[in-house]
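Hi,

Here is the structure I promised to pass on.

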Amino acid sequence: MADERLLDIQGVSKRFGGFDALTEVSVHVNAGERFGLIGPNGSGKTTLINCVSGTLPCDGGRVVFDGSDITATPSYKRARMGLVRSFQIPKPFISMTVLENLCIPLEYAAHYKSHHGLHIRTEAEEILQLVGLDGEADAKPGGLTQIGMRKLELARALAARPKLLILDEAMAGLSSSEVDEIIEMLIDLNGRGITIIMIEHIMRAVMSFSQRIAVLDAGEKIAEGAPDEVVADPKVERAYLGA
């Protein structure tokens, strides 16, 4: 894989009062890569992604996306540049249909009028078909199953036309077969040109999906490399299992 860095996190630090949530974390993600980010609870994974997506300001370091320094760029502008994330707890617009939930990011986040000539509804239907929710287009989110809600969260992220898609616990609460279904879907999306970062506690999922993995512990990066190399690292074993 060519080293064409789409995302370059350079020495990012984040503090909450006297607590160092992140300490000079550096990691990069190449264009087209399937990248995993793991670590024990409280290791700083979501904080790092919040800093990358613009939800939280960095207290040190830089974030470079697609060749541009976005460290001080507002989150909505990062989304319009193609840096898109999902959230651990899906929060769709419950009064709207599943289809209507996609029209919001299509029209506003993705600057729809400057792209293609397709009607918003047509593209929303295509995205729903891509994630297997085409039969639920007119349903309300409250009637979806757990995996349906996860698929809707993924579809809403895809509606923003990501170059880089960051998935934060996208498979939480799913059965083994449902996890396999989501993994297969994500690999297909990656094959369509979307770079993906997966943050996940389900080790089987992140190991089978990722081409490269970084591990955080207590706000510091302790390992990075191929999945089989990372899980064999003594530092990673200590972080998860103790001394």
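Let me start with a cysteine: at 18% relative accessibility, C58 counts as buried, where buried means under 20% relative accessible area, exposed over 50%, and partly exposed in between (1.4 Å probe, protein chains only). C58 is in no disulfide, and the nearest cysteine sulfur, that of C51, is 4.3 Å away. A disulfide here is a pair of cysteine sulfur atoms within 2.5 Å. Searching the whole structure turns up 0 disulfides.

Before the rest, some housekeeping. Keep in mind that this is a predicted model, in which local features need pLDDT of at least 70 and side-chain atom pairs count only at pLDDT 80 or more, while totals for chains, interfaces and linings use all residues. Residues are numbered from 1 along each chain as its sequence is written, and side-chain values use heavy atoms, with hydrogens and water left out.

Now the sheet. An open sheet is formed by 6 strands in the order β6-β7-β8-β3-β9-β10, with mixed pairing. At the edges sit β6 (83-85) and β10 (220-225), each of which pairs on one side only. From one strand to the next, the twist averages 20°. For the terms: helices (H or I, at least four residues) and strands (E, at least two) are DSSP runs, numbered from the N terminus, and two strands pair if DSSP finds at least two bridges between them. Within the sheet, β3 (residues 34-38) and β9 (residues 212-217) pair in the parallel sense over 4 bridges. I38 has V215 in β9 as its bridge partner.

T195 is buried, with a relative accessible area of 2%. Neighbours within four places in sequence aside, T195 is in contact (heavy atoms within 4.5 Å) with L6, V29, N30, A31, G32, E33, K163, L164, L165 and N190.

There is also a hairpin. Strands β1 (residues 5-16) and β2 (residues 19-30) run antiparallel and are joined by 8 bridges. F16 stands opposite F19 in β2. The hairpin has 2 residues between the strands, and G17 takes a positive phi near 65°.

On to the helices. Helix α5 (residues 146-158) has 13 residues and, at 1.5 Å a residue, should span 18 Å; its end C-alpha atoms are 19 Å apart, which agrees. That expected span is 1.5 Å times one less than the number of residues. Because 12 of its 13 residues are buried, α5 is largely enclosed by the rest of the structure. Among the buried ones are charged residues, R150, K151, E153 and R156. α5 lies across β6 and β7 (164-168), running at about 155° to β7. Helix α9 (residues 234-241) lies across β3, β9 and β10, at about 130° to β10. In both cases axes are lines fitted to C-alpha atoms, for helices over the stretch in contact, and angles run from 0 to 180 degrees between N-to-C directions.

Helix α1 (residues 45-53) is mostly covered, with 8 of its 9 residues buried. The buried residues of α1 include K45, N50 and C51. Just after α1, G54 takes a positive phi of about 95°.

Last, the salt bridges. The structure holds 15 of them, counting a side-chain nitrogen of Lys or Arg within 4 Å of a carboxyl oxygen of Asp or Glu.

- R212 pairs with E224, the closest N and O atoms being 2.3 Å apart. This links distant parts of the chain, R212 in β9 and E224 in β10, 12 residues apart. R212 counts as buried at 14% relative accessibility, whereas E224 is partly exposed at 31%.
- R5 and D8 meet at 3.5 Å, N to O. R5 is partly exposed, at 42% relative accessibility, and D8 is buried, at 16%.
- D233 and K235 meet at 3.4 Å, N to O. D233 is buried, with a relative accessible area of 17%, while K235 counts as partly exposed at 38%.

Cheers
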